[in-house]
Amino acid sequence: EERARRLTAEARGQAEAVLTETETQLRHRHQEADRYAQEVLRQLEAQLTGFLTSVRRGLEVLEKDSGD
């Protein structure tokens, strides 16, 4: 009976260690995914800002031309 208790306690300890490691890895992967998403969104924002600038310049040219 004592051996069974020791084995059970050991198994619980190992299970807790596995869970802790899994949770740590999950947090790390989540942080990496967040960093990647931020990077992609910043790149997209920069591209969209460039597109918007081009559109505004085009509109300005057209408005100047139509005003003549």
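Guide: Let us go from the overall fold to single residues. Please keep in mind that this is a predicted model.

Visitor: How many helices and strands does the secondary structure of the protein come to?

Guide: The count is 1 helix and 0 strands. Helix H1 covers residues 2–67.

Visitor: What box do the C-alpha atoms fill along the principal axes?

Guide: The box is roughly 100 × 10 × 5 Å.

Visitor: What share of the 68 residues is buried?

Guide: Buried means under 20% relative accessible area, and 0% of the residues in the protein are buried. The accessible surface comes to about 6600 Å², with 55% of that belonging to carbon and sulfur atoms.

Visitor: Which residues make a nonpolar surface patch?

Guide: Leu41, Leu44, Leu48 and Phe51 make one of about 420 Å². Leu44 is found in helix H1, and Leu44 counts as partly exposed because its relative accessibility is 40%, between the cut-offs of 20% and 50%.

Visitor: Is His30 buried or exposed?

Guide: His30 is exposed, because its relative accessible area is 51% and exposed means over 50%. His30 also lies in helix H1. From His30 to Ala17 there are 13 residues in sequence and 20 Å in space, C-alpha to C-alpha.

Visitor: How many positive and negative side chains does the protein have?

Guide: There are 11 positive and 14 negative side chains. The centres of these two sets lie 7 Å apart.

Methods:
Residues numbered from 1 in each chain as written. Predicted model: local features only at pLDDT ≥ 70, side-chain atom pairs only at ≥ 80, totals over all residues. Heavy atoms only, no water. Patch = residues over 30% accessible without salt bridge, like charges linked within 9 Å, V, L, I, M, F, W, Y side chains within 5 Å. Areas by Shrake-Rupley, 256 points an atom, 1.4 Å probe, with all protein chains shown as cover. Salt bridge = Lys/Arg side-chain N within 4 Å of Asp/Glu carboxyl O. Helix = DSSP H or I, 4+ residues; strand = E, 2+ residues; numbered from the N terminus. Buried < 20%, exposed > 50% of the residue type's maximum accessible area, 1.4 Å probe, protein only. Lys, Arg positive; Asp, Glu negative; His and termini not counted. Charge placed at Lys NZ, Arg CZ, Asp CG, Glu CD.
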